[in-house]
Amino acid sequence: MDIDGFENEFARFWIDGTILFFIYKDNVSINLEAAECIVADRIQFQNDVAYPIFCDARGIVSMDKPARDYLAQSGSLLIKAVGLLVNEQVSVMVSYFYLKINKPSVPTRLFTDQLAAIAFASNYI
């Protein structure tokens, strides 16, 4: 079932089949207030249904520690798993560090290939 998407100032997201596609906009900086807005909008959009998520994080240029902490823990509500797409070596290293330090409460894996990230999320339908 496809559901119309939603967009806020940080990202756009939609459901295709049984996966929630979450794409950060270009050149986005995320602080705690932004993270709380992003999660609140996503949860409302999901209407109390948990989904595996494909998350394209290539548009993020910065994220402060309170935002990282919030997304790793409270941001996992109604998420089965996250296939996280990053494209630059620096982003891969920073994201890997984030995963090791913040330890998200749902299965989360980094990818530089979009299809591999979607396939990972599909394992949690």
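Let's start with Glu 7, which forms a salt bridge with Lys 25, their closest N and O atoms lying 2.8 Å apart. A salt bridge here is a side-chain nitrogen of Lys or Arg within 4 Å of a carboxyl oxygen of Asp or Glu. Glu 7 sits in strand S1 (residues 3-7) and Lys 25 in the loop between strand S3 (19-24) and strand S4 (28-30), so this pair ties together parts that are 18 residues apart in sequence. Helices (H or I, at least four residues) and strands (E, at least two) are DSSP runs, numbered from the N terminus. Lys 25 is partly exposed, at 26% relative accessibility; the scale calls a residue buried under 20% relative accessible area, exposed over 50% and partly exposed in between, using a 1.4 Å probe and protein chains only.

A word on the source: this is a predicted model, in which local features need pLDDT of at least 70, side-chain atom pairs count only at pLDDT 80 or more, and totals for chains, interfaces and linings use all residues. Residues are numbered from 1 along each chain as its sequence is written, and side-chain values use heavy atoms, with hydrogens and water left out.

By the salt-bridge rule, the count comes to 3. Another of them joins Asp 56 to Arg 58, with the closest N and O atoms 2.6 Å apart. Asp 56 is buried, at 8% relative accessibility, whereas Arg 58 is partly exposed at 40%.

Now look at helix H2 (residues 65-72), which holds both Asp 69 and Lys 65, 4 residues apart, or about one turn of the helix. These two form a salt bridge whose closest N and O atoms are 2.8 Å apart. Asp 69 is partly exposed, with a relative accessible area of 30%, and Lys 65 is partly exposed at 46%.
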